[in-house]
Amino acid sequence: MTDLNRYHEWMVSQNKVWEEKCFCCGSCCGSLEDPCENLQKGLNGKFYCSVYDKRLGEWRTISGQVLRCVPIRDKIAQGHSWPGDEHCGYK
Ligand code: SF4
Ligand code: SF4
């Protein structure tokens, strides 16, 4: 195996570790307040985004407020807080 392949495998595994920190509470998407129009609740009680692959950008909340979707790392780096964030795996 080449160094490039090993690096790629490491990146894939690190991405999986990162993704698993989210337990899909949906609170960063407004599940406890005014939810994003794309936030869906699954039968297992977990939340998911119906447009995940093209989620970044401007959307609306259920009440019609403008909502700007950004990566969770940006929200945290910019010091944002939201109801329920005390349980977020990334915080
Ligand atoms: S578009 Fe963004 S804010 Fe809306 S549900 Fe998807 S991830 Fe959450
Ligand atoms: S608040 Fe954190 S744990 Fe909950 S859905 Fe958002 S990123 Fe995942």
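Modeller: Let us begin with ligand 1, around which lie C29, C36, N38, L39, C49, R55, W59, L67 and C69, a residue being near a molecule if one of its heavy atoms lies within 4 Å of it. This is a predicted model, in which local features need pLDDT of at least 70 and side-chain atom pairs count only at pLDDT 80 or more, while totals for chains, interfaces and linings use all residues. Residues are numbered from 1 along each chain as its sequence is written, chains are lettered from A and ligands numbered from 1 in the order in which they are written, and side-chain values use heavy atoms, with hydrogens and water left out.

Colleague: How many residues of each class does the shell around ligand 1 have?

Modeller: The classes count Ala, Val, Leu, Ile, Met, Phe, Trp, Tyr, Cys and Pro as nonpolar, Asp, Glu, Lys and Arg as charged, and the others, Gly among them, as polar. By that scheme the shell around ligand 1 has seven nonpolar, one polar and one charged residues.

Colleague: Which residues are around ligand 2, and how do they divide by class?

Modeller: The residues around ligand 2 are C22, F23, C24, C25, G26, S27, C28, I72, W82, C88, G89 and Y90. By class, this shell around ligand 2 divides into nine nonpolar, three polar and no charged residues.

Colleague: Is D85 buried or exposed?

Modeller: D85 is found in the segment after helix 2 (72–77), where helices (H or I, at least four residues) and strands (E, at least two) are DSSP runs, numbered from the N terminus. Leaving aside neighbours within four places in sequence, D85 is in contact (heavy atoms within 4.5 Å) with S27, H80 and K91. Buried means under 20% relative accessible area, exposed over 50% and partly exposed in between, with a 1.4 Å probe and protein chains only. Because its relative accessibility is 11%, D85 counts as buried.

Colleague: How many aromatic pairs does a search of the whole structure find?

Modeller: Rings of Phe, Tyr and Trp (its six-membered ring) pair if their centres lie within 6.5 Å, and planes under 30 degrees apart count as stacked, over 60 as edge-to-face and the rest as tilted. Searching the whole structure in this way gives a count of two.

Colleague: Why does the pair of Y7 and W10 count as it does?

Modeller: The ring centres of Y7 and W10 are 6.2 Å apart and the planes stand at 25 degrees, so the pair is stacked.
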